[in-house]
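Have a look at it before reading on.

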Amino acid sequence: MIEKTIFNKVADIYGEEDAHSITQEILVLIEKWKPSAPKYSQWVDETTSYLITYGDSFSRGGEKTLSSMKSFADKYLKDSISNIHILPMFPYTSDDGFSVVDYRKIDERLGDWEHLNALSENFDLMYDCVINHISKSSDWFQAYLAGDEQYQDYFVESDPSLDYSSVTRPRALPLLTPFNKASGETTYVWTTFSDDQIDINFRSPKVLLESIDILLMYAANGGRSIRLDAIGFIWKVLNSTCIHLPEAHQIIQLWRIIFDEAIPGALLITETNVPHKENISYFGQGNEAHMVYQFPLPPLTLHAFMSQNSSILTEWAKGLTDEAMASLKQGRKTTYFNFLASHDGVGVRPTEGILSNEDRLLMCEQVERKGGRVNYKNNGDGTQSPYELNINYLSALTDAEDSDDFKAKKFLAAQSILLSFIGVPAIYYHSLLGSENDIQGMLDSGINRRINREKFDLDELEVELAETGSLRQQVYSQMNELVQLRKTQSAFSPLSSQTILEIGDKVFALQRGEGTESIRFAVNLSESSQTVCLEEGGHDLISDESLENVFTLKPYQFVWLKQQACSAQVQSHIAKAQ
């Protein structure tokens, strides 16, 4: 049965003539990795949350940074975070890890696979598979330049005289890059992201087989979740957009079939920083990604706080809820990978069709006023438009002169949306730790995204976290308590329903779940108190107080209202979050 299923999918992509031989090689790879597959649980629930971090975000003395991460995680995350997403941890040459030299080796500065096995003792792990492109210094590309026959179809050669105006461009950089081969020939290869990131040619079955072997290796070595970086670009057809093409979806469907057979419980997560409808296309019919990155949530949440108005966020969330509920009714186990901050900037493209150009430009102006930068993309017609906002999320929400107490309160109000929304929450390490703009890091490197990628000396960080009343201490302690409290509430399961509540344009509100276990969430987005009127009152899990159906939310206050009183177990996890 599995052989026929794989054959049919391979035939769709590569044609029936080669499908049999490719299928047989795929079955060999499944048998290679299946015996070592971990026993992963079958799905995610309300106890699931992710921390997004680099493999060298924490360091101490001369030890490998993955050892430092384990020390940090075991002490500061064990009771709250369930999954750790380690951004590319392989040898690389640029883009802070996203120009991989060798997919199968761990960067020796970080450690090795044994260090990852140790980290996985208390946490599920998420690995990056940067399979759209590879470093020009990699053995694959160097062998290609040297004329090695094995690698001649691993990369996308193209004629620079042809018309590429229809190709979607994520960055304002050349699409094709010239290289000199050992034979003396000059060849132009596809470089979607930079001249150090050489696109890989998935038209070659050899590349497909390499990708399968790499993915199964990751999942068999502690990678419960696999993030498919920039996956929408993996198939190229001239005179097309070269993004989201049918073959890209079919390859992900094939990977999903293989994962479900070889390593049940392992999860595929697609990363496509594009408008919402394009993004959710990677759910397929429940047969592609288990989760998709929720790219509109960061810019729409930021816009709601900047404008002190929830109307656009509310309207978008209503449509999203309809999609999610339809999927649940069909029995699909798919959900959103929600985040507000990440190693990249805040994407602007996902707001296309949601925010006006004026709204986007106002956000750009605010970000630049607060020390951030704006990256642009080429539109193919000689013009450029904003692509992403490079700024620390806390700094984007607050002003430098604000008090630490105010910064923490406003920032936690934004994070409360992340923790309440349908899907699984993913918290960037700087968001957990109350960081602000790293202006110097950005200026020293000349890389805009470094404004939000500062690394920590673990001993110094621990001193700051122990400083009562500091911004770091306030944000970390309250976020940690909120995530712990969230874990006790079945209403926050990704499979639990969501209903958007419309109670004024200064408040964003929703209900998760139904009946006595349901939770009604409301957050004040404004700097003035707001009166909230609901059909009935309830017990606020945040303050541990009973509220009538009409109550007042102070500036940036939020509530989790439940019909029944808290149990002693829940009370023990209640945060002093307000």
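How many cavities of 30 Å³ or more does a search of the whole structure find? There are four. Keep in mind as we go that this is a predicted model.

Why look for gaps at all? Rolling a probe the size of a water molecule over the atoms shows where empty space is left. The largest cavity comes to about 290 Å³. Around it sit 25 lining residues, and those nearest its centre are Phe193, Asp229, Ala230, Glu271 and Tyr387. Sorted by class, that lining has nine nonpolar, eight polar and eight charged residues. The second largest cavity has about 70 Å³. Its lining is made of 13 residues, with Phe295, Phe339, Ser342, Asp344 and Gly345 nearest the centre. Here the classes come out as five nonpolar, five polar and three charged.

The largest pocket holds about 320 Å³ of space. It has 18 lining residues, and Asp95, Arg171, Asn375, Ile447 and Arg449 are the closest to its centre. The lining splits into six nonpolar, six polar and six charged residues. Two strands to find here are E14 (373-378) and E15 (384-390), each of which gives at least two residues to this lining.

Let's step back to the whole chain. It has 18 helices and 25 strands, and its C-alpha trace spans about 75 × 50 × 50 Å along the principal axes. A compact globule of 578 residues would have a radius of gyration near 25 Å, and the chain has 24 Å, so the two agree. As for burial, 61% of the 578 residues count as buried.

Finally, zoom in on helix H11, residues 357-369. Which of its residues are buried? They are Asp359, Arg360, Met363, Cys364 and Val367. Looking down the axis of H11, these buried residues fall within an arc of 140°, so they line one face of the helix. The spacing makes sense, because an α-helix has 3.6 residues a turn and residues three or four places apart point the same way. On the face of H11 turned away from the buried side you'll find the exposed residues Asn357, Glu358, Glu365 and Arg369. Just after the helix, Gly371 takes a positive phi of about 95°.

Terms used
Residues numbered from 1 in each chain as written. Predicted model: local features only at pLDDT ≥ 70, side-chain atom pairs only at ≥ 80, totals over all residues. Heavy atoms only, no water. Buried < 20%, exposed > 50% of the residue type's maximum accessible area, 1.4 Å probe, protein only. Helix = DSSP H or I, 4+ residues; strand = E, 2+ residues; numbered from the N terminus. Arc of directions from axis to C-beta. 1 Å grid on protein atoms, 1.4 Å probe; cavity = no way out; pocket = protein on both sides within 12 Å on 5 of 7 lines; lining within 4 Å. Points joined across faces, edges and corners; volume = space filled by probe spheres on them. Nonpolar A, V, L, I, M, F, W, Y, C, P; charged D, E, K, R; others polar. Rg over C-alpha atoms; globule rule 2.2 N^0.38 Å.
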